Amino acid sequence: APTRHSLIRLRAQSPRATPVGRGIGPPQRIANMSMVDGRVPATILTGFLGSGKTTLLNHILTASHGKKIAIIENEFGDVAIDDALIAKNSKYASDEEIVEVLNGCICCTVRSDLIAVLQKLAARQAAGEICLDAIVIETTGMADPAPVAQTFLVDETIRMFARLDGIVTLVDAKHIEQHLDDDTPTAEGVVKEAAAQVAFADRILLNKVDLVSESDLERIELRLQAMNKLAPIQRCQHSEVSVDRVLNIHGFDLDRTLASMPDFLNPNALPTKHNESVTSVSLDQSAARHLRAVDKGALDFDAVKEWINQLLSSQGADLFRMKGVLSIAHAECKFVYHSVHMIFNGHFDEQWAVDGLRESKLVFIGKNLDAKALADGFNSCLATPESIAKKIKALRFAVGDEVECCVGPGEWSPGKVVAHMHREPAMPPGMVAPYQVHLDESGPEHFIWAPYDCDEVIRKVQPAAAGRRNSPRIKKTGSQRMS
């Protein structure tokens, strides 16, 4: 049954956004509010690329806590990927829409958009249109949380509407040391995002602990504690923590922040600078033609897997984050994937809308990205008549050739190739078999399909005395059950 929490969707109006600090006079120190503070508590959810922020957000949305939550999500790339996934995973009994997406970096380039969104929420709350229990801001993995936190304290309208409840930082146990140890030369004033996110945290969630050893965890925890002695550290897997570890934690302490950052409330402080070698590349089939770097069409699943594997093996160290929603030929469901460096996860998810467009979207974030090469690689995966003809030309057997197929451990049966690039409903999503074969010893209605073009599955007819060997089973179709 749906849980009883609802979420709000707003669209930022950047041109009319109010710059930080304008019209409110000099910054003022604001006393910490008591537990009976009636303002809406706001949580900033931060962490480096791929640390598990969106996964945690989805856990919050699907938990049975009964809260009305406004979600503001920040995507580093030009294409939003996670908003649709968050919308799908939120179960709510409400007529409200769900999520606001700000494309760009929330701590600098779209900070005025964040102010506009919060001011709009404040106006709706004051008018009685909504009654929020919490606000959650998921920053991009490249964001410095300090300027985002400052937003709640230097704008008078926002200050009266919401209080900064806490900054929760997710840390990827598998990759955090790699990012903390990154000694790439940077210009003066350029922020080290991973370090800033840890140092400014009120709570630290040490995620993906199943990917490293106990000795690694102990070493990482000591290093995190040296950077931030006051933030409690909680270990977790798959970002699974109770909601009360994230919402309404009363973790932010202004006095402590000002002691370590005297200019924290200075609206005239220099803007955040990022490492310019870290960029994003977005590939979006739904973009306008003059902006679209890739061609339209469904993708060949085998070609996609080969391309992604090649990217991970050759550029994995520099690929901080990769994620996307893909339209795969011969698949009724979306293929959703994400990776952090060389760790990849992908699966077929919800079905495409019956009357909707099936278009792929991908985002790459990392160092030394070649946008043209990525677009060319994507286009090479399109399932076109030309690509299918190329695959057929590379096959070892022609239609009509006599072959032997492995139909069980050490069991081979003779037959004849009757079709190339065979597809039928019983196959897994996206799969196309190189061959369909009719077995000589079966009835006329019995066919099999060979999933791979290799000698372990399908081979030339062997002499009767040739030895047999164990091999993967072929797939039987027709009137026979799939083996």
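This tour visits charged side chains in a predicted model. Local features need pLDDT of at least 70 and side-chain atom pairs 80 or more, while totals for chains, interfaces and linings use all residues. Residues are numbered from 1 along each chain as its sequence is written, and side-chain values use heavy atoms, without hydrogens and water.

The whole structure holds 18 salt bridges (a side-chain nitrogen of Lys or Arg within 4 Å of a carboxyl oxygen of Asp or Glu).

Select Asp216 and Arg219 to begin. Their closest N and O atoms are 3.1 Å apart, in a salt bridge. Both belong to helix H8 (residues 214–227), and about one helical turn separates them because they are three residues apart. Helices are DSSP runs of H or I, at least four residues, and strands are E runs of at least two, numbered from the N terminus.

Next, select Glu359 and Lys296, a salt bridge of 2.8 Å, N to O. This pair links distant parts of the chain, 63 residues apart. Glu359 is buried, at 16% relative accessible area, whereas Lys296 is partly exposed, at 45%. Buried means under 20%, exposed over 50%, and partly exposed in between (1.4 Å probe, protein chains only).

Move to Lys391 and Asp302, whose closest N and O atoms are 3.8 Å apart in a salt bridge. Lys391 lies in helix H12 (residues 385–394) and Asp302 in helix H10, so the pair ties together parts 89 residues apart in sequence.
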